[in-house]
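This report describes a structure in terms of strand pairing, an annotated domain and a chain contact. The sequence and the structure come next.

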Amino acid sequence: MPLYFNEDQAMLADTVTGFIAGEGAIKPQLRRLRDGNDTRGYDPALWKQFAEMGLTGILVSEADGGLGLGHVEAGIVLREIGRNLTPSPFLSTAVVGATALGHASEDLKGRYLPGVVAGESVLALALDEGAKHRPERIALKAERAGNGFRLSGRKDFVIHGATADALIVAGRTAGSDSDAEGITLFAVPKDAAGIGHNAVRLVDSSIASHVTFDRVEVDGGAVIGEVDGGRAVLDKALAAGRIGSAAELTGVGGGAFAMTTAYLKTRKQFGKLIGEFQALQHRAAHLYSELEIAEAAVIKAQQLLDAGSSRADLMVSVAKAKASRATNLAVREGVQMHGGVGMTDEFDIGLYMKRDRALAEFLGDANYHADRVATLSGY
Amino acid sequence: MTDLEAFRADIRAWLDANCPPEMRRPIEDEDDICWGGRAFAFKSEAQKIWLERCVAHGYTVPDWPKAYGGAGMDPAQAKIWREEMARIGARPPLSSFGIWMLGPALLKFGTEEQKVHYLNQIARGEIRWCQGYSEPGSGSDLVSLQTFGEDKGDHWIVNGQKIWTSYADKADWIFCLVRTDKANKYQGISFLLFDMTTPGVSTRPIKLISGASPFCETFFDNVVVPKAQIVGELNRGWDVAKYLLGHEREMISGAGGSERLNAIGAVVQRNGGIDNPVLRAELAQFDVDALAFAAMGEKFLDEIKVGKAHPAQPNMMKYSGTELNKQRHELLMAAGGSTALEWESAETRGGTPARSWLRTKANSIEGGTSEVMLNVIAKRILDLPGA
């Protein structure tokens, strides 16, 4: 399969680009929400519009009311979200949550997926325990209780956790904290007794929760996949979220780069456009190269995932690591090349820098994924 | 089964039956590469058979038209060919500047007669070509070249000197940039083809820091070149030259899955282990870059075949690919320790690690320096002012 969009994908990209650049732009969304002290983390009206265009169900099977498309298509949406820094529950809900629920019982799907597809509900992944992504270590205890389970422990960096209708929670049902197996995934409804949220605003104005589980009881029907065998579904959701965040990062990097090259063509110093200086030209050209390579890695990983290839796992980590590093370079160079105005809140370039940080951290940063590339390669 | 699936099955069956086992082992040194040409000595019978079998089916240049010695594959078929070759680790049956550089230029600028004549020779590996571009005073500023062709009616008399002519001492013919109008800088250059045995042509190998001499100085002393041996229009050779440079840069970038740009962490682990966490981290970062660049190479080839790539994109590929390859060999030297320093030992097959490391330093100079590549990206892709 060639590494460029087919006709349908190109059409989708056209539609989505126009839609998000209009409705999801920085001023009417990110700045408006941030400056209005929004506590929800997204605009429900915009989420509804996503649904009207079918985007909320992009990874949901047609049988479950979605479009049944793949990671290349989801990535098209994410890239534009990234380019416009649109606050959106798309990644946590339509990508990570929907992928996990795709492996759930008909009953669970029926409980949550229609709301997702309709743009009326939001899902959040409650996985990390601590400040860094360590999915191989799960300590949150899930003990059998009656015909269900009792959950005790805490989760951190739960994006959209406070407003989610359900949390996708990874709990320990067997073995010790660092065992790969013995994990069970649960869909925990937001009103379950014993859940405590401490919602905090992050540097990019998104909102994440520290969630505590104090003997939270869920019934057996809340289990996604197999009891003790949740790792298989979790890995699928993680792959979707990682390549999704990589795709969004390429949008963030591309947006920052577009702003920066535009600035190089308008700002004058020493009687010249600063883009005439070779010192800046070479750095811009290097950055262009890195962003192109990151995009190629991302679409390659998306295609491999969509094809169910055994090489997908490795390439997803390559893509997340490469996209993180390239985009990080784009935002750092972006602020530096803007000079003083790059430090002001008025200019958007700083918003790109903030978003890059938060997104790079989600489901494993560049160091995590480079380490994973080494491990998967056998060293 | 779709047409492409059937095509893949046919190619796979043909390769299984026809690619000799010796030709499925990794290329270890220069000798393993089949360059073709009048004086080429095959290293093995397998190398010869592999070339002959591929020539018979047009597989040395699978995406060239059949009339010119190719197999007439479309982009999707040619990709399948590359994938199936890579699957069994098959060596290219033939490697040559004719295939990578002159061929594409002739396909675009050559007359029908030139295409039939020269392209078939290239496809069959009969003529080995070299490239006469750089001159002592014209490196990055190539367009200032001085080698002059004096108009003598039905022929030119060429005088001058080229440098960095890869394998000029082994080549049969040269494609050469010659000034045919001294008053016009860009539109005063013609693209000429001539036989290296023509009286007045001489070469002198240049010894490099690697100890090898892949490049030569090439001298032209009253060399007669018939007028029919021009590609493109008189004084418009710069257009041909630039087009060809795109292909040269693509070749040097390593796009298309050449093995040297693959990940190396696992290789180092097998050859002695990684006992240092800082080295492991550097290898991991490199592997991320190498695997991402391999995807870029695949994407670039897919896009260029259907005209989706930016015309200046080969400059980006060349820049990134060569910088990556230099880094690869720095890491291999660091990992190899004192063994990698050995210059002549049997264990290192004559100092292969060190010589390869030194050879890669030319990658970001030959075919346009990294600095020139960045200039071109800034100007033609990013459209920055004054570039």
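Helices (H or I, at least four residues) and strands (E, at least two) are DSSP runs, numbered from the N terminus. The model is predicted: local features need pLDDT of at least 70, side-chain atom pairs count only at pLDDT 80 or more, and totals for chains, interfaces and linings use all residues. Residues are numbered from 1 along each chain as its sequence is written, and chains are lettered from A and ligands numbered from 1 in the order in which they are written.

**Strand pairing in chain B**

**Annotated domain**

For residues 4-126 of chain B, an unreviewed UniProt entry gives the feature "domain: Acyl-CoA dehydrogenase/oxidase N-terminal". UniProt positions are given in the numbering used here, feature names are shortened, and annotations may be inferred rather than shown by experiment. This span is 54% helix and 0% strand, and its end C-alpha atoms are 32 Å apart.

**Contact with chain A**

In chain B, 33 residues are in contact (C-beta atoms, placed from the backbone, within 7 Å) with 34 residues of chain A. On the side of chain B that touches chain A, at least two residues come from each of α7 (265-270), α8 (277-305), α9 (313-336) and α11 (370-381) of chain B. The largest share, 15 residues, is supplied by α8(B).

How values were computed:
Contact = placed C-beta atoms within 7 Å.
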